[in-house]
Amino acid sequence: MTESASIATPRHRVNIDKVLTLTAFVCLLAALIVIARTPPATGYELTIYHAYPSYFWLFIIVSSASGIGILLHQAFAKQKSGWWLAGLLIVILTNSIFLGLPYFRGYAFFPGGDAMSHIGRMKDMLATGYIHPDNFYPVVHILGVSLLEITGLNEAATANLLFVSWYIVFLLSVYILATVLSEERGQALLITALAAPLIFSSLHTLIHPSMLSLFMVPLLLYFYHRKQSVHHSKPATALALILLAIVMTFIHPVTALFAISLFLTLNLAGFLYRRVASGRQLATEASTAMMRSFNTPLIMFAVFFLWYFSYAAIQRSIKAVNDFLLYGDRTPLAEGQLETLAMAELTMFQTVE
């Protein structure tokens, strides 16, 4: 009796991944039914959260938590299985539905602010057939025009498709980057699980070149570390890294400078490590490797200088920073904030709050 019970126990063991997957897809189906049964907006809405009942948000939360739970379970499981794919798919579907709510509500446009300017530049490109001379980061606008032409969607749907697809690219890029950096599968899944929530808050719905370039940083680092790896150092990887670095330089200047600084830091750290670890006899080889590794940031800087310094707006911004650093003719940010707090006459507790 005892022997048969011990044999039956593993066979009837509950598969937590199956339970979470079933729970997530039931919640996703229920959420989609609620979306389909909720009439679109008939006018201006102060917030989209009041348009759906409270149990709808419970479905979204449970679905997302189930997907992340599968990734976490697979990360720490002794025997890995293919259920992590279900977890990743659940997270992508749930967050895509959540980010796509403005489209389901039938909003004429979402979001506002800078997005209106970028949509305007896209429409200018469609009307004139060329990039405006003062448009120094045209990649997002070219991408938007391509989507407008290929899909036939309106501006609101295209904007929604842009920031939904950016999130998906970001999450998948984090995963493949984690596979290169991690020593085992569980670490990569844990990193992916931690990146699964919408960690950038409302910035996930921002149509701006800075966000697209920021979401591309994990993909850029993936090709960099893959190129540095002995097992994956192939010409195709190096070419992909250079092409992606050049494209990122055209997306947004601030992120381009950040990427250049990041590459210089990584390359310098790698050179110092090889120099110390290898010994003096291999110093020449370390120096040669350093020169090769500096190719990407040097190319990015050359493209950055040739492209952005041809625009008067960029030159004025650089001059303003230079004047502040050398002559201090502008009020420092910290000082300006303190002056505002002093005029408000807030207590220390109110300031912290």
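Trainee: At what angle do α10 and α11 pack?
Mentor: In this predicted model, helix α10 (residues 209-228) and helix α11 (residues 235-251) pack at about 160°, and their axes are 9 Å apart. Helices here are DSSP runs of H or I with at least four residues, numbered from the N terminus. Axes are lines fitted to C-alpha atoms over the stretch in contact, with angles from 0 to 180 degrees between N-to-C directions.

Trainee: Parallel or antiparallel, then?
Mentor: The angle makes α10 roughly antiparallel to α11. Angles over 145 degrees count as roughly antiparallel, those under 35 as roughly parallel, 65 to 115 as roughly perpendicular and the rest as oblique.

Trainee: Which residues of α10 and α11 meet?
Mentor: From α10 they include Leu212, Met216, Leu220 and Phe223, and from α11 they include Ala238, Leu241, Leu244 and Met248. Contact means heavy atoms within 4.5 Å. The contact of α10 with α11 has 15 nonpolar, two polar and two charged residues. In this scheme Ala, Val, Leu, Ile, Met, Phe, Trp, Tyr, Cys and Pro are nonpolar, Asp, Glu, Lys and Arg are charged, and the others, Gly among them, are polar.

Trainee: What are the ground rules for numbering and confidence?
Mentor: Residues are numbered from 1 along each chain as its sequence is written, and side-chain values use heavy atoms, leaving out hydrogens and water. As the model is predicted, local features need pLDDT of at least 70 and side-chain atom pairs count only at pLDDT 80 or more, whereas totals for chains, interfaces and linings use all residues.

Trainee: Moving on, how do α2 and α4 cross?
Mentor: The axes of α2 (residues 16-37) and α4 come within 10 Å and cross at roughly 20°. The two helices are therefore roughly parallel to each other. Residues of α2 such as Phe25, Leu28 and Leu32 are among those meeting α4, where Leu89, Ile90 and Leu93 are among the partners. That contact divides into 11 nonpolar, two polar and two charged residues.

Trainee: And what about α3 with α9?
Mentor: The axes of α3 (residues 54-76) and α9 (residues 185-195) come within 8 Å and cross at roughly 155°. α3 and α9 are therefore roughly antiparallel. Ile68, Leu71 and Leu72 are among the α3 residues involved, and Leu189 and Leu190 are among those of α9. The contact of α3 with α9 has eight nonpolar, three polar and no charged residues.

Trainee: What lines the largest pocket?
Mentor: It is lined by 23 residues, with Thr47, Ile48, Pro102, Tyr107 and Phe110 nearest its centre. The lining comprises 14 nonpolar, eight polar and one charged. α4 (83-99) and α5 (101-104) each supply at least two of the residues.

Trainee: How many cavities of 30 Å³ or more are there?
Mentor: The search of the whole structure finds one. The largest cavity has a volume of about 40 Å³, and Pro102, Tyr107, Phe110 and Asn160 are among its lining residues. α8 gives the most to that lining, with three residues.

Note on methods
On a 1 Å grid over the protein atoms alone, a cavity is a set of points where a 1.4 Å probe fits but cannot get out, and a pocket is an open set with protein on both sides within 12 Å along at least five of seven lines; lining residues have an atom within 4 Å of a point. Grid points are joined across faces, edges and corners, and a volume is the space filled by probe spheres set on the points.
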